[in-house]
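Please keep the sequence and the model open while reading.

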Amino acid sequence: MSDDVIKYEPFEYIKENGAKMDEKEFKSHFPLFQPGAGPALSKKFGKNNDLTKNSAAEGEEAQGQRILVKGTVYDENHNPVPNAFIEIWQANAAGRYVHKLDSWDAPLDPNFVGSGWTYTDENGNYEFTTIKPGNYCWKPDENYWRPAHIHYSVMGPSVNDRLVTQLYFEGDPLLEYDDEIFLQLEEHEKKKLIATFNHELTEPDWALAYQFDMVLSGPDSQPSMPNRHQLTDHDIAYIKKAKTRKQGGEA
Ligand SMILES: [Fe+2]
């Protein structure tokens, strides 16, 4: 993998696209890939679980359909895990990530960075407020639309119990076309990654709601779904070629 792949300096990038926060605030959105015990992390970072507001300018909010995502984290014996540290990251409503190498042709939202974190309460429950992520095409494949999804990292009670996985949405027709990722899973694993719509959990006249419970380890745990947003050399070459073609006005 080349240096280009892991280089990640998106602040200037989103600033050019109208971000309304300062650099310090922006960097506070990416503190979480450090080693350390889960509960210690939760004490350090606290909750930042409203993605509609946590990177928005005063009085504004992210664009998109508001959703609540609620659930319970269990250990392998199905006991609730209190104080588990949960981080999520996702695309905006147009399917675009705040990432310099994201090649999807859709606008950034100046009021949405797409990261948040929280920890479970004494009963293992957690909650996020966010927007439904949009779909995007996975390159270099042709017309490969990824189903809407939210990336999850859960740690607790220690980093040894870290689970990195993804949430998908019940009823998304694109799940049947996700050949390289979702369809690679066994049937029983697929079910564990699908958040279910729950009308009772909705915030009346304000937000839809989905339920997504997780099992941290053992045979019932969610499958590990690594973050695949780091592009390979092949992907980068493809994107550069496509951009050159576009600038040159070729087909
Ligand atoms: Fe993704």
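## The pairing around isoleucine 86

In this predicted model, isoleucine 86 stands opposite threonine 118 in β3, where strands are DSSP runs of E with at least two residues, helices are runs of H or I with at least four residues, and both are numbered from the N terminus. β2 (85-89) and β3 (115-119) run antiparallel and are joined by 5 bridges; two strands count as paired if DSSP finds at least two bridges between them. Isoleucine 86 also stands opposite valine 154 in β7, and β2 and β7 pair in the antiparallel sense over 5 bridges as well.

Why can β2 be called largely enclosed by the rest of the structure? The reason is that 5 of the 5 residues of β2 are buried, a residue being buried if 20 or more other C-beta atoms lie within 10 Å of its own, exposed if 12 or fewer do, and partly exposed in between, with C-beta atoms placed from the backbone. Phe85, Glu87 and Trp89 point one way from β2, while Ile86 and Ile88 point the other way, and all are buried. In a regular strand the side chains alternate between the two faces of the sheet.

## Numbering and confidence

Residues are numbered from 1 along each chain as its sequence is written. Because the model is predicted, local features need pLDDT of at least 70 and side-chain atom pairs count only at pLDDT 80 or more, whereas totals for chains, interfaces and linings use all residues.

The mean pLDDT, which is the predictor's confidence in each residue on a scale from 0 to 100, is 82 for the protein, and 75% of its residues reach 70 or more. Over residues 1-9 pLDDT stays under 50, and the model has 11 contacts beyond four places in sequence for them, two residues being in contact if their C-beta atoms, placed from the backbone, lie within 7 Å. Residues 31-38 also have pLDDT under 50 throughout, with 16 contacts beyond four places in sequence. Where pLDDT is low, the predicted coordinates should not be read in detail.

## Overall composition

The secondary structure comes to 6 helices and 11 strands, and of the 251 residues of the protein, 35% count as buried. Among the contacts with a separation of 6 or more, 74% are accounted for by residues 24 or more positions apart.

## From β7 to β8 and β9

Strand β7 (residues 149-155) is joined to β8 by 6 bridges, and the two run antiparallel; within this pairing, isoleucine 150 has leucine 167 of β8 as its bridge partner. On β8 there are also 2 bridges to strand β9 (residues 194-197), which runs parallel to β8, and the bridge partner of phenylalanine 169 in β9 is alanine 195. Strand β8 (residues 163-169) is largely enclosed by the rest of the structure, because 6 of its 7 residues are buried.

## The nonpolar core

The largest nonpolar core has 45 residues, of which Val73, Ala84, Ile86, Val154 and Leu216 touch the most other members; such a core is a set of buried Ala, Val, Leu, Ile, Met, Phe, Trp, Tyr and Cys residues joined through C-beta atoms within 7 Å. The elements that give two or more residues to this core are β1, β2, β3, β4 (125-131), β7, β8, β10 (208-211) and β11 (214-215), and β1 gives the most, with 5 residues.

## Loop residues

Histidine 78 lies in the loop between β1 (66-74) and β2 and has a positive phi of about 65° although it is not a glycine; with 10 C-beta neighbours inside 10 Å, histidine 78 counts as exposed. Asparagine 143, in the loop between β5 (136-137) and β6 (145-146), has a positive phi of about 55° and is likewise not a glycine, and it is exposed, with 7 other C-beta atoms within 10 Å.

Tyrosine 177, in the loop between β8 and α5 (187-192), is partly exposed, with 14 other C-beta atoms within 10 Å. The C-alpha atoms of tyrosine 177 and arginine 146 are separated by 8.0 Å, although these residues are 31 apart along the chain.
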